[in-house]
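Here is a short briefing on one protein model, arranged by topic. Keep the structure open while reading.

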Amino acid sequence: MAKQNENRVKPAETELKDKLVQLNRVAKVTKGGRTFSFAAIVVVGDGNGTVGHGLGKARDVSEAITKAADDAKKNLVKVPIYKGTIPHEVLGKFKAGKVLLKPASDGTGVIAGGSMRAVLEIAGVHNVLAKSQGSSNPHNVVKATIEALKNLRDPRVIAKTRKITLEKLFNG
């Protein structure tokens, strides 16, 4: 089993951007009628290998988004990015959400579905092929994508461990 990338990042260290993945209106039926509230899923990142996700719920849309962004800043992880793509193929799984991420050559772009695209773009991955294979629920897809990114191993560390150069590691 690959050693997990547990490089937690403090939010104060970086300039973070946030991106709304999904906004859901929820109705609670009470004696007095329906009470509406909002649930927002937000991903935050610096575009340079740091990414996190959060969920916020409130009666107001902007307040839900703010709460989600604050929650996302508490769950930041560092992702190894090599030449604008991920270093190797990886699978991520969270409950019924399964995602497959493959490195892509320069100029390919981010080929991924809605929630995965948001996570990968905000993390700073520019070229990647991605496929969601399980649930299409944005909660599970976002968490599975971040799980996959956490499972990536840094090529610089692997090259150093094997005592070879990065070029030899990738060109074999």
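Helix α2 is mostly covered, with seven of its ten residues buried. This is a predicted model.

**Helix α2**

- The buried residues of α2 are Ser115, Met116, Ala118, Val119, Leu120, Ile122 and Ala123.
- An α-helix has 3.6 residues a turn, so residues three or four places apart point the same way.
- Helix α2 spans residues 114–123 and lies across β6, β7 and β8. It runs at about 145° to β8.
- Just after α2 comes Gly124, which takes a positive phi of about 100°.

**The sheet of β1 to β4**

- Four strands form an open sheet in the order β1-β2-β3-β4, and their pairing is antiparallel.
- The edges of this sheet are β1 (17–30) and β4 (77–78), each of which pairs on one side only.
- Strand β1 runs antiparallel to β2 (residues 33–45), and 13 bridges join the two.
- Thr30 stands opposite Gly33 of β2.
- Helix α1 (residues 61–73) packs on this sheet and touches β1, β2 and β3 (50–58). The direction of α1 makes about 145° with that of β3.
- Helix α2 also packs on this sheet, touching β1, β2 and β3. Its direction makes about 145° with that of β1.
- Strands of a sheet pair through backbone hydrogen bonds, either parallel or antiparallel.

**The sheet of β5 to β8**

- A further open sheet of four strands has the order β5-β6-β8-β7, with mixed pairing.
- Its edge strands are β5 (90–94) and β7 (110–111), and each pairs on one side only.
- β5 and β6 are antiparallel, paired over five bridges.
- Val90 has Leu101 in β6 as its bridge partner.
- The hairpin of β5 and β6 has two residues between the strands. There Lys95 takes a positive phi near 50°.
- Strand β6 (residues 97–103) also pairs with strand β8 (residues 128–132), in the antiparallel sense and over five bridges.
- Pro103 stands opposite Val128 in β8.
- Helix α3 (residues 138–150) packs on this sheet, in touch with β5, β6 and β8. The direction of α3 makes about 140° with that of β5.

**Helix α3**

- How many of the 13 residues of α3 are buried? Ten are, and the helix is mostly covered.
- The buried set in α3 is Pro138, Asn140, Val141, Val142, Ala144, Thr145, Ile146, Ala148, Leu149 and Lys150.
- From its first C-alpha to its last, α3 reaches 18 Å. That is close to the 18 Å expected at 1.5 Å a residue.

**Positive phi in two loop lysines**

- Lys83 has phi near 55°, a positive value in a residue other than glycine.
- Lys83 lies in the loop between β4 and β5.
- Is Lys83 buried or exposed? The residue is exposed, with a relative accessible area of 66%.
- Lys163 has a positive phi of about 60°, although it is not a glycine.
- The place of Lys163 is the loop between α4 (155–162) and α5 (166–171).
- Lys163 counts as exposed because its relative accessibility is 75%, and the cut-off for exposed is over 50%.

**Rings and charges**

- The charged end of Arg25 sits over the ring of Phe36, 4.1 Å from the ring centre.
- The count of aromatic pairs comes to zero.

**The protein as a whole**

- The protein has five helices and eight strands.
- Along the sequence they follow the pattern β-β-β-α-β-β-β-β-α-β-α-α-α.
- The C-alpha trace spans about 70 × 35 × 30 Å along its principal axes.
- Of the 172 residues, 42% count as buried.
- Among contacts with a separation of 6 or more, 59% come from residues 24 or more positions apart.

Definitions and conventions:
Residues numbered from 1 in each chain as written. Predicted model: local features only at pLDDT ≥ 70, side-chain atom pairs only at ≥ 80, totals over all residues. Heavy atoms only, no water. Pairing = 2+ DSSP bridges. Contact = heavy atoms within 4.5 Å. Axes fitted to C-alpha atoms, helices over the stretch in contact; angles between N-to-C directions. Phe/Tyr/Trp six-rings, centres within 6.5 Å; stacked < 30°, edge-to-face > 60°. Lys NZ or Arg CZ within 6 Å of the ring centre and 35° of its normal. Expected span 1.5 Å × (residues − 1). Buried < 20%, exposed > 50% of the residue type's maximum accessible area, 1.4 Å probe, protein only.
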